[in-house]
Amino acid sequence: MNDLAPAAVKRAAVAPPMAIMMELTHRCPLKCPYCSNPLAMDRAREEMDTATWMRVISEAAALGALQGHFSGGEPMVRDDLAQLVQHAHREGLYTNLITSAVLLDQQKMHALAEAGLDHVQISFQGAESGIADHVAGLRNAHVKKLAAARLVRDAGLALTVNAVMHRQNLHQLPAMLDLAVEAGAQRIEVAHVQYYGWALKNRAALIPTRAQLDEATRIVDDARKRLEGVLNIDYVVPDYYASRPKSCMSGWARRFFNVTPSGKVLPCHAAETIGHLRFDTVQEKPLAEIWLHSEAFNAYRGTDWMPAPCKGCDRAEIDWGGCRCQALAITGDAGATDPACGLSPHHDMMLNLAVEESAAGSETFVYRMIS
Amino acid sequence: MILTEASVPRLPRHVRFRFDAARNCHVLLAPELVIMPDAIAVAILEAVDGAASVGGIADILAARYEAPRDAVLADCIEMLNDLAKKGMIAA
Ligand code: SF4
Ligand code: SF4
C-alpha cells in the first residue's frame with residue numbers, strides 16, 4: 001500500500017487541462033513545407049466520425065477544458081465542422097478555428113458563426129501572392145485568405161493572423177503586420193517555424209540567419225509600440241539562437257492535450273516523434289483517465305523526470321526543461337535538457353547547426369504529401 | 001476607448017463570461033486567454049448586460065454591498081478600463 005502513496009499524491013496535484021486541440025483531419029489543400037503534422041499522416045478513412053468527436057468534446061468539457069481549438073490539416077474539409085463547433089459551444093468551450101481559410105466562403109462563415117464560433121485564426125504564408133502561394137504550394141491561396149479574413153470580421157468574430165516566418169519570407173514581416181491591421185485582426189502571431197516534423201526535413205531551406213532574426217525582433221518591438229491598442233502581437237522566436245528554451249506547451253501535460261484524427265491523445269502535436277512513448281486512444285479509455293494516468297502524459301509531467309542541469313534549476317517550473325521533441329531531435333534523448341538552453345551540453349552543437357545551415361542554406365522545399 | 005460613468009459596457013461577441021464547474025470559479029474567455037476574475041470583478045461583470053451604464057452598475061453594487069458609491073464607482077471604472085484595453089470589454 002505504501003508505495004502507492006506517491007503516485008496518488010502526484011495524481012491529486014494534476015490540474016485540469018485548459019484546452020483541447022482537435023486535429024480533425026490531416027487532409028489539407030495546402031502543402032506547407034513546415035507543416036506540424038507527422039510525416040506519417042492519418043488517411044481520411046482513419047478519421048473519427050462525428051459522434052465520436054462529439055463524445056470527446058463532451059468529455060473534454062467535463063474534464064475542465066475551457067478552450068476548444070479546431071485544427072488539422074485543414075479542419076474545413078470536414079463536412080461536420082459546424083456541427084462539432086456547435087456542440088463545443090453548447091458544452092461551454094470557447095471555440096477557435098485554426099484554418100488556412102482557402103475553403104471559407106460566405107455560406108460556411110454564416111453557418112459557423114451561427115454555430116457559436118468565437119475566434120478564427122488564419123495562417124498567411126507571406127504578405128503577397130508571389131511568396132505566399134509558393135510556400136503554400138497552391139495557386140490563388142493568398143487572395144482567398146484575404147477574402148476569408150474579411151468574412152470573419154464581417155461576421156463579428158475575433159480574427160488572428162498567423163504569420164509563419166522563416167528565411168524565405170522574413171523580409172516581408174513589416175508587410176505582414178500591415179496586412180493584419182488592414183484585415184482588421186485583433187491579434188497577430190508572428191511565429192518562427194519550429195523544427196519538428198516536416199519543418200525538420202526542410203530546416204536548411206527555412207532557418208533564418210542570426211542577423212535576420214535580430215532584425216525581425218527589432219521590427220516586432222517597434223510595431224508593439226506603434227500598434228498598442230490596435231493589434232496585439234504574439235512573438236515566438238526560433239529556439240536555435242536562444243539562451244533559454246521556450247516553455248513548450250507551458251509544460252508537458254500541464255495545460256493542453258491534442259487529439260489526432262484517428263483518436264490518439266497526445267501531450268503535444270509533435271509528441272509522436274518520441275518513438276518509445278505509447279499513446280492511449282479515446283476509443284480505449286475516457287479522456288479523464290488518459291489525462292491523469294496515461295504513461296505518455298506522466299513521462300515528462302512536472303519536474304520529477306528532469307535530469308541535470310534542469311533538476312533544481314530555478315527555472316524548472318518556468319520553462320519546464322523546454323521542448324521534449326526538440327531534445328530528441330537534436331540530442332537523441334527526449335528526456336534531456338532542451339538544447340536551446342545555454343546550460344545544456346548540446347547547446348553549442350545546436351547553435352552551430354543553425355549558423356551553418358542558415359549560411360549555406362538550400363532554397364528547395366520538400367512539400368508535404370498525403371497519399 | 002476610455003469608459004466613464006456614463007458609458008454602457010458590454011462583452012464583445014468574441015468574449016465569453018461563465019461559471020466553470022471544474023474549477024469552481026468564474027472565467028472570462030477570449031482568444032488564447034483565460035482570466036479568472038476575483039469576487040469584485042465577478043460582481044461587476046455579472047452586472048454588465050449591455051443596458052446598464054457604469055454609474056448604474058455602481059449604484060446596484062453600492063446598494064447590495066452597502067459600500068460607499070464613490071469607491072465602488074472607482075473600482076468599476078478601473079476594472080472595466082483594464083479589460084477594455086485588452087479588447088475584452090466594448091462600449
Ligand atoms: S537548465 Fe533546464 S530548467 Fe534550467 S533554464 Fe535550462 S532548460 Fe530550463
Ligand atoms: S515538447 Fe515537443 S512535445 Fe512538446 S510541444 Fe514541443 S514539440 Fe511538442
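This is a predicted model: local features need pLDDT of at least 70, side-chain atom pairs count only at pLDDT 80 or more; totals for chains, interfaces and linings use all residues.
Local features were considered at pLDDT of at least 70 and side-chain atom pairs at pLDDT 80 or more, while totals for chains, interfaces and linings use all residues. Residues are numbered from 1 along each chain as its sequence is written, chains are lettered from A in the order in which they are written, and side-chain values use heavy atoms, with hydrogens and water left out.

Helix α10 of chain A comprises 17 residues, 210-226, where helices are DSSP runs of H or I with at least four residues and strands are runs of E with at least two, numbered from the N terminus. From its first C-alpha to its last, α10(A) reaches 25 Å, close to the 24 Å expected at 1.5 Å a residue, the expected span being 1.5 Å times one less than the number of residues. The buried residues of α10(A) are Leu213(A), Ala216(A), Ile219(A), Val220(A) and Ala223(A); buried means under 20% relative accessible area, exposed over 50% and partly exposed in between, with a 1.4 Å probe and protein chains only. Seen down the helix axis, these residues fall within an arc of 120 degrees and so line one face of α10(A), the arc being that of the directions from the axis to the C-beta atoms. The face turned away from this buried side carries the exposed residues Ala211(A) and Lys225(A). Among the elements that cover the buried residues are α7 (173-182), β6 (187-192) and β7 (232-236) of chain A.

At the interface, 15 residues of chain B are in contact with 25 residues of chain A, contact meaning heavy atoms within 4.5 Å. The area buried between the two chains is about 1,500 Å², of which carbon and sulfur atoms give 53%; this is the accessible area (1.4 Å probe) that two parts lose on being put together, summed over both. Arg13(B), Arg23(B) and Glu32(B) supply 37% of the area that chain B buries against chain A, more than any other three residues. The count between the chains is 2 salt bridges, each defined as a side-chain nitrogen of Lys or Arg within 4 Å of a carboxyl oxygen of Asp or Glu. Asp118(A) forms a salt bridge with Arg13(B), with the closest N and O atoms 3.5 Å apart.

Glu189(A) lies in strand β6 of chain A. Residues up to four places away in sequence aside, Glu189(A) touches several residues, including Gln121(A), Asp234(A) and Glu32(B).
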